[in-house]
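Please open the model in your viewer and keep the selection panel at hand.

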Amino acid sequence: MLAALGERLRLARKRRKFSIATVAIRSGISRTTLYNVEKGNPAVTLGTYARVLAVLGLEKDLERVAADDVLGRRLQDLAL
């Protein structure tokens with residue numbers, strides 16, 4: 001999943017015609033860290049992914065993560 005996320009971030013960067021250096025500087029991270037983000041490295045912090053999303057104008061996408069907890073709602077309904 002992280003590798004797929006990294007690839008989507010890489011493609012989003014390229015569609016915007018941002019260089020690795022530009023996104024790294026604007027995100028406040030090194031180019032090596034951005035490379036690791038785009039590879040989906042699990043050692044990269046969630047905060048770093050969030051900063052890259054913000055630079056790409058995709059920070060609202062993070063709000064959708066786990067927004068619709070279908071399984072949790074079913075389990076809650078069963079407990080009632």
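Begin by selecting helix 1 and helix 4, which are roughly parallel to each other because angles under 35 degrees count as such. Helix 1 covers residues 2–15, and its axis comes within 11 Å of that of helix 4 and crosses it at roughly 25°, where axes are lines fitted to C-alpha atoms over the stretch in contact and angles run from 0 to 180 degrees between N-to-C directions. Helices here are DSSP runs (H or I, at least four residues), numbered from the N terminus. Now show the side chains of Leu-2, Leu-5 and Leu-9 on helix 1 and of Tyr-49, Val-52 and Leu-53 on helix 4, which make the contact (heavy atoms within 4.5 Å). By class, the residues of this contact are six nonpolar, no polar and no charged.

This is a predicted model, in which local features need pLDDT of at least 70 and side-chain atom pairs count only at pLDDT 80 or more, while totals for chains, interfaces and linings use all residues. Residues are numbered from 1 along each chain as its sequence is written, and side-chain values use heavy atoms, with hydrogens and water left out.

Thr-33, Leu-34, Asn-36 and Val-37 of helix 3 meet Thr-48, Tyr-49 and Val-52 of helix 4.

Finally, select Arg-26 and Phe-18: the charged end of Arg-26 sits over the ring of Phe-18, 5.1 Å from its centre (CZ of Arg within 6 Å of the ring centre and within 35 degrees of the ring normal).

Terms used. Helices (H or I, at least four residues) and strands (E, at least two) are DSSP runs, numbered from the N terminus. Angles under 35 degrees count as roughly parallel, over 145 as roughly antiparallel, 65 to 115 as roughly perpendicular and the rest as oblique. Ala, Val, Leu, Ile, Met, Phe, Trp, Tyr, Cys and Pro count as nonpolar, Asp, Glu, Lys and Arg as charged, and the others, Gly among them, as polar.
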